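Subject: Structure handover, pockets

Hello,

Please find the structure below. Notes on its pockets follow.

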Amino acid sequence: MKKLLVIVDMQNDFVNGALGAEGGLSALENARALVKKARSEGVEIVYTKDLHGENYAETQEGKRLPVPHCIRNTRGAEFADGIYAEGAKVFEKDTFASVALGEYARDGKYDEITFAGICTDICVVSNALLVKAFCPQTRIGVASSACAGTPGENHLSALGVMQSCQIDIE
């Protein structure tokens with residue numbers, strides 16, 4: 001069985017920085033365990049990385065979310081300690097989802113794809129739904145304990161949306 005683990009935006013600014021997610025440190029610990037397990041089982045691991053330029057405030061996202069984060073070449077943009085599996089493919093993006101990730105998943109013909117990361121209600125849901133659209137017959141799952149979202153019910157709401165789109169919540 002060909003498997004893929006996708007770690008979404010586990011970067012310092014999302015774990016406990018400028019846009020620290022509620023439960024970010026706990027999600028990071030659980031994601032580290034997933035990465036360790038995947039490596040021991042020979043499961044392929046890829047990452048998405050949110051990156052913005054100095055002109056972030058001028059972008060549509062920056063106008064709607066005026067909190068500079070994941071600015072290229074800053075500590076906030078770096079992966080959180082212990083999450084990155086050396087040599088793994090990274091999909092850099094300046095928006096919520098990565099079309100290149102969807103194409104990669106489709107072309108890889110995986111039997112199973114699991115997502116973990118931050119923020120559940122923004123980038124995890126966007127990438128999981130995009131990959132589901134590219135790979136409608138592939139089992140897609142989300143490791144909910146290795147995800148964190150914005151405060152309030154948004155994390156749970158995003159999990160519900162994904163579940164309604166036939167993405168398994170683990």
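A pocket here is an open set of points, on a 1 Å grid over the protein atoms alone, where a 1.4 Å probe fits and with protein on both sides within 12 Å along at least five of seven lines; lining residues have an atom within 4 Å of a point. A volume is the space filled by probe spheres set on the points, which are joined across faces, edges and corners.

The model is predicted: local features need pLDDT of at least 70, side-chain atom pairs count only at pLDDT 80 or more, and totals for chains, interfaces and linings use all residues. Residues are numbered from 1 along each chain as its sequence is written, and side-chain values use heavy atoms, with hydrogens and water left out.

The largest pocket holds about 280 Å³ of space. It is lined by 16 residues, of which Leu19, Glu61, Leu65, Phe96 and Ile122 are the closest to its centre. Helices H3 (60-64) and H5 (120-134) are the elements that give two or more residues to this lining (helices, H or I, of at least four residues, and strands, E, of at least two, are DSSP runs numbered from the N terminus). H3 gives the most, with three residues.

The second largest pocket holds about 200 Å³. Its lining includes Lys3, Leu34, Lys37, Glu41, Thr114 and Glu170. Strand E1 (3-8), helix H2 (24-41) and strand E4 (112-118) each supply at least two lining residues, and H2 gives the most, with four.

Regards
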